[in-house]
Amino acid sequence: MDTTEKAIYRFKNKGEISYFLQSDLEKTPLNYSKYDENGAEVLKVKQKIKTNRSLYEDDSMSEWSNAISQLETEREVKIIAQRDFDKINSKTENVVTTVLKDFTANSKELAALDKITADRYPGKEIYSKYSAYNMMRGMFSGIIFMGLFLGFAFLAMMASCLMFKILVGAPSDIKRYDMLNKIGVKRKLLFKSLNYELVLIFIFPALLASVHVLVGMKMFEFFLSLNVYFKIWIPFAIFIVIYGIYYLITVSLYQNVVLPKKKGKSN
């Protein structure tokens with residue numbers, strides 16, 4: 001896997017306690033999650049290590065207990081110096097942590113790691129970032145589908161209503177454009193005037209809808225704790241294409257109704 005960071009933390013298990021080596025943790029401090037009213041924030045542990053103390057019973061080590069709980073969830077944890085670590089008559093084990101350059105690009109490898117862990121600890125539920133990612137993806141896939149379905153439905157409904165509203169009022173504009181034609185306005189200018197008029201009618205609902213979406217999505221940022229504007233240009237590009245097609249169809253139909261037909265040349 002293509003990683004940007006990698007760290008190894010050594011520990012020994014004895015009885016119901018896991019002893020982590022102080023020097024490894026000081027060399028590469030772990031991250032921990034801090035939650036407040038603004039959501040979750042990932043920070044580096046900055047608390048000073050106090051050796052030979054139970055992390056889960058010492059409030060002054062709360063950042064370390066939060067961080068190490070991601071590595072060891074079943075045993076009591078203590079951090080000890082090298083000399084005390086060497087005295088423990090137990091096998092040295094390693095925890096390897098990595099930061100991937102692209103999480104989704106390594107999904108097969110992460111799935112394989114989860115399978116290895118599940119085979120190693122049969123009957124136990126596996127908690128990993130990849131399993132959480134799969135769970136969230138399954139949950140949000142349905143929401144995304146409904147969002148796309150309703151989005152297309154409302155877009156088609158809005159554009160169709162706008163198009164038919166314009167076309168229904170088109171017969172009343174025939175006299176206006178016929179009069180402009182009779183006083184000698186060039187056909188090119190008639191086309192320009194018509195397009196300018198319809199652009200204004202189409203653009204204001206689009207701008208209002210865009211502002212509504214941007215403000216509404218900002219409200220979801222608090223609940224989802226993620227960047228709700230990630231690749232937002234994609235749905236806006238789809239919106240512009242579909243809306244543009246409706247505009248071109250409307251212009252074509254409107255022109256056929258209101259603009260005077262070209263007279264053929266007489267012999």
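At what angle do the axes of helix α6 and helix α8 cross? In this predicted model, where local features need pLDDT of at least 70, side-chain atom pairs count only at pLDDT 80 or more, and totals for chains, interfaces and linings use all residues, the axes of α6 (residues 174-182) and α8 (residues 233-258) cross at roughly 70 degrees and come within 9 Å. Residues are numbered from 1 along each chain as its sequence is written, and side-chain values use heavy atoms, with hydrogens and water left out.

Axes here are lines fitted to C-alpha atoms, for helices over the stretch in contact, with angles running from 0 to 180 degrees between N-to-C directions. The two helices α6 and α8 are therefore roughly perpendicular to each other (65 to 115 degrees; under 35 is roughly parallel, over 145 roughly antiparallel, and the rest oblique). On the α6 side, Ile174, Arg176 and Tyr177 meet Tyr254, Val257 and Val258 of α8, contact meaning heavy atoms within 4.5 Å. These residues divide into 5 nonpolar, no polar and 1 charged (Ala, Val, Leu, Ile, Met, Phe, Trp, Tyr, Cys and Pro count as nonpolar, Asp, Glu, Lys and Arg as charged, and the others, Gly among them, as polar).

Helix α8 turns up again at the second largest pocket, where it gives the largest share of the lining, 5 residues. Both α7 (187-224) and α8 supply at least two lining residues each. The lining consists of Val199, Phe202, Ile203, Ala206, Phe239, Ile240, Tyr243, Gly244 and Tyr247, which by class makes 8 nonpolar, 1 polar and no charged residues. A pocket is an open set of points on a 1 Å grid over the protein atoms alone, where a 1.4 Å probe fits, with protein on both sides within 12 Å along at least five of seven lines; lining residues have an atom within 4 Å of a point.

As for the whole chain, the protein has 8 helices and 6 strands, these being DSSP runs (H or I, at least four residues; E, at least two) numbered from the N terminus. Its C-alpha trace spans about 115 × 35 × 30 Å along the principal axes. Asparagine 94 lies in strand β6 (residues 92-100) and, beyond its neighbours within four places in sequence, contacts Ile8, Tyr9, Arg10 and Phe11.
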